[in-house]
Amino acid sequence: MTQPLAANGNQGATPAGPLPLTSQEEHTMPKTIRFLLAAVFVFFAGSSAYGQKYQIYEKKLDNGLDVLVVHNPSVPLVTVEVNVHNGAYTEPPDYNGLSHLYEHMFFKANKVIPNQERYLERLRELGALWNGTTGDERVNYFFTLPKDSLVQAMEFMYNAITGPLFLQEELVKERPVVTGEYDRAESNPFFLLNRAVDQKVWWKYGSRKNALGERDIILSATTQKMQTIQNRYYIPNNSALILAGDIAPDEGFALARRVFSPWKRGEDPFKANPVPDHPPIQKTDTIIVEAPVNNVTIMIKWQGPSVTKDRQATYAADVLSFILSQQTSKFYTDLVDSGLALNVNLAYQTENHTGPITLFAQTTTDRYAKCVKAITDEIAKMTGAGYFTDEQLANAKTILAIDEQYGRERPSQYCHTVGYWWASAGLDYYLSYVDNLKKVSRQGIAEYLNTYVIGKPHIMGVLVSGQDRKKLGL
Amino acid sequence: MHMRTRLVLLTVAFIVCSGREATAKGTEGFSVNGLTVIVAPNPATDIIAANMYFREGSARLDPRQAGIERLTLVVATKATKKYPKNTLSAALERMDTRLGANAGRDYASVTLQCVKENFAKSWDIFADVILNPLFDSSDVELERQQMLAAIRQSRDNPDQYLQELVMNAFYAGHPYAVPPNGTEQSVRSLSKGDLQEFIKSHATASQMLLVVVGNTSRAEVESMARASFAGLPQGSYAPVQLPAGEHQAPSIKIVQRKLPTNYIVGYFSAPSYGSEQSYAMTIAGSILSDRVFDEVRTKRGLSYAPNAGIGPLFDNYGQVYVTAVKPETTITVMLNEVKKLQSEPVSEKTLNDKKNGFLTRYYLNMETNQSQVEFLARYELCGAGYKQADLFVQHIKSVTPEIIQKCCKDYMRNLQFVLLGNPSSLKLADFFP
């Protein structure tokens with residue numbers, strides 16, 4: 001259930017370069033998220049114990065907009081965030097990368113702001129820090145600012161979400177910026193590895209798992225295509241507004257209703273434009289990616305469960321990932337403590353449309369062959385009775401319960417997390433997550449492994465230097 | 001309104017946001033047999049963060065022992081005399097307590113984060129890590145290999161490598177030239193005996209600083225600190241005087257690497273962290289960042305990632321940074337913005353907007369106990385004193401356009417550039433206006 005690093009649209013508040021700030025970057029994601037959602041606050045009778053316990057309240061406006069208020073008054077800030085069911089998964093090849101380009105265009109001229117310069121100036125006047133991200137199944141935009149600027153920020157967000165102009169001049173100017181982001185991604189050898197593996201894992205509908213997109217599509221993007229995305233996906237009944245921080249629920253809902261009610265509902269975009277199912281990986285394969293790197297990196301990917309089709313498997317996947325991530329696990333001791341791997345991680349990424357299961361490991365040239373064999377052996381052993389203890393299974397669930405407290409400490413970050421779960425799995429999944437994790441059994445974990453991992457087709461990518469590749473005979 | 005800690009600020013009239021008043025249960029500093037302890041109670045969450053700092057990081061080291069702090073402290077967290085490896089790992093996992101170690105140029109630390117109900121048990125492990133680490137040979141070797149791999153890998157990521165290059169260029173001959181993560185040579189040479197000697201000589205009352213923020217009290221922390229650390233040897237720590245360095249001329253170093261774009265950074269000197277001028281400089285750096293973003297990206301579409309700012313070191317630097325296919329055009333635009341800051345005072349509007357933004361950043365930093373620990377500690381460690389943390393907003397408030405302009409004239413010059421990439425054309429004169 002790791003959250004992927006999304007294409008970061010604007011970095012309006014955080015330096016991209018080597019500037020080690022003491023303050024934390026607001027697009028950093030917490031590691032795990034376990035929160036329950038309160039019952040609807042105003043429009044339904046009765047209040048939920050979840051809301052009182054976790055200070056999260058939810059309501060749906062008449063136009064279909066989900067409004068979530070995350071109440072945490074520890075500091076006098078509020079984060080205003082809009083999440084949209086958009087991203088790579090909505091993109092056929094001729095739109096690949098345009099959800100991301102759209103995210104960039106959000107921060108430019110709209111019906112009340114003449115151009116990006118004025119847009120950014122306005123945010124600075126409000127004392128806001130801002131950013132946006134585009135992932136496989138979610139695009140989000142957020143401003144964090146002093147509480148006293150909240151009303152103006154809500155109005156600003158409303159105008160930006162409902163009235164972007166996609167001026168040709170700004171679109172043309174933004175293309176090299178987005179391709180500049182592309183250049184930076186391609187400068188990172190790990191991106192090259194991930195992309196090579198993904199091209200084989202998602203062999204038929206690759207565009208729908210490629211948030212950064214394709215250069216030629218980005219460079220030929222038109223205003224008309226931006227408008228198509230807007231009309232199709234940027235509707236309230238496909239979106240969620242999250243207010244997090246020093247904001248009381250009734251105040252948040254009243255403001256949301258006042259500002260966002262005029263936003264017109266639209267047709268369900270996924271009826272006319274359904275997301276195709278990814279066919280299974282055709283056959284297990286290995287791909288070598290050469291780059292000037294100093295260690296050897298191994299990435300193995302399987303197609304994992306979809307939240308909508310095999311919910312139980314997603315819970316099992318997360319409990320297993322937790323067990324394996326502990327330093328007392330056989331997985332860790334056999335691979336890392338033994339010195340075969342420098343690090344190792346097996347994680348499932350929760351998605352509505354086939355979440356990937358990824359094993360990531362790094363090793364040195366001289367230990368590569370033994371490391372790969374050891375990884376294969378570990379996977380084969382995972383369904384064995386002694387692979388993890390009852391205590392480790394119990395600990396994983398305890399850890400999940402405590403982790404939620406760490407995650408809640410930062411409302412400005414936590415709202416991104418809540419938005420991710422809203423988008424990828426739905427609020428009901430989020431509501432019952434901890435309770436369902438507690439029900440995961442050894443049998444459930446074994447079923448998950450046997451259904452998705454052990455003996456199943458997968459793609460292994462190896463990132464290695466040209467020199468080491470020759471040494472290893474790859 | 002819910003109060004958090006004494007760090008929460010008084011309302012400042014000119015800043016359009018609500019502040020918080022200091023409470024009677026505020027931050028307190030005291031001594032436990034010579035060990036300085038700072039405690040900031042925060043009943044708002046059930047989380048407690050406690051860091052033990054070792055004053056002066058790699059800047060104090062013999063270059064031949066570069067990396068010894070990191071290796072010592074990371075291995076120390078693996079096992080102790082009371083908590084052998086598996087016992088320690090299992091205990092931390094059961095409680096979801098987070099124990100870590102960091103080593104930088106100015107200081108190193110052992111960090112603890114836990115929930116209140118597990119504070120006592122977690123503290124016991126934390127104290128034992130500092131006082132009685134085991135340094136099992138297998139743990140030492142394992143961590144050594146990890147560090148060596150990390151040193152090699154740091155050159156794979158262009159941003160990370162760029163930072164190494166510019167730090168080496170800017171701080172050549174300075175104590176900061178000693179890398180906290182070590183070199184392959186220095187890390188290979190460190191022995192188990194070196195680590196044991198290091199912790200013995202550095203885990204002293206005079207050299208360490210304990211900072212705790214969270215759902216606890218001074219009385220509780222003082223009692224625990226006395227029980228654990230009252231027996232620490234005093235030690236004979238004396239601060240290292242960092243040389244006041246200044247570059248007399250701009251420079252550029254080009255490191256060839258085949259990349260889709262060029263990575264460029266230029267460092268300039270900045271006032272010391274916590275000094276009076278550092279506030280103006282921090283604001284100036286942020287205004288410069290806004291301007292280069294506007295000029296390079298918004299108006300001209302020349303780069304995805306132009307920025308500027310001020311570093312976090314005690315003997316500090318500022319920077320301009322960009323990734324660009326055509327560096328010469330981009331750098332000219334950025335240096336032009338530096339010139340404008342030097343020649344024209346910023347407007348009152350710009351300054352007030354920026355101050356508002358800084359307040360937002362300040363509060364973001366106050367969201368977690370761990371970041372509050374770090375904020376207090378840095379003021380104490382740099383010599384300004386932890387009480388300055390309470391005065392952050394006042395210092396920001398007092399900055400004027402004239403002070404900013406003077407700072408920019410005094411410091412934003414003689415930039416030391418590094419370019420990592422393969423530019424097809426380059427006019428070196430563009431880097432030296």
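Two strands count as paired if DSSP finds at least two bridges between them, and strands themselves are DSSP runs of E of at least two residues, just as helices are runs of H or I of at least four, all numbered from the N terminus. With that in hand, look at β2(B) and β6(B): they run parallel and are joined by six bridges. One of the spots to look at is B:P41, whose bridge partner in β6(B) is B:G214.

A word on what you're looking at: this is a predicted model, where local features need pLDDT of at least 70 and side-chain atom pairs count only at pLDDT 80 or more, while totals for chains, interfaces and linings use all residues. Residues are numbered from 1 along each chain as its sequence is written, with chains lettered from A and ligands numbered from 1 in the order in which they are written.

Now zoom out to the domains, whose bounds come from an automatic or database domain assignment. Chain B splits into domain 1 (28-229) and domain 2 (251-431), and their C-alpha centres are 29 Å apart. Counting residues as in contact if their C-beta atoms, placed from the backbone, lie within 7 Å, domain 1 of chain B puts in 28 residues and domain 2 of chain B puts in 22. On the domain 1 side, α5(B) supplies the largest share, eight residues. That side has 18 nonpolar, six polar and four charged residues; here Ala, Val, Leu, Ile, Met, Phe, Trp, Tyr, Cys and Pro are nonpolar, Asp, Glu, Lys and Arg are charged, and the others, Gly among them, are polar.

Chain A has two domains as well, domain 1 (7-272) and domain 2 (285-406 + 429-472). Their contact takes 20 residues from domain 1 of chain A and 25 from domain 2 of chain A. On the domain 1 side, helix α6 (residues 189-201) of chain A gives the most, with nine residues.

Finally, the two chains meet each other, with 67 residues from chain B and 64 from chain A in the contact. On the chain B side, α11(B) gives the most, nine residues, and the residues there divide into 22 nonpolar, 27 polar and 18 charged.
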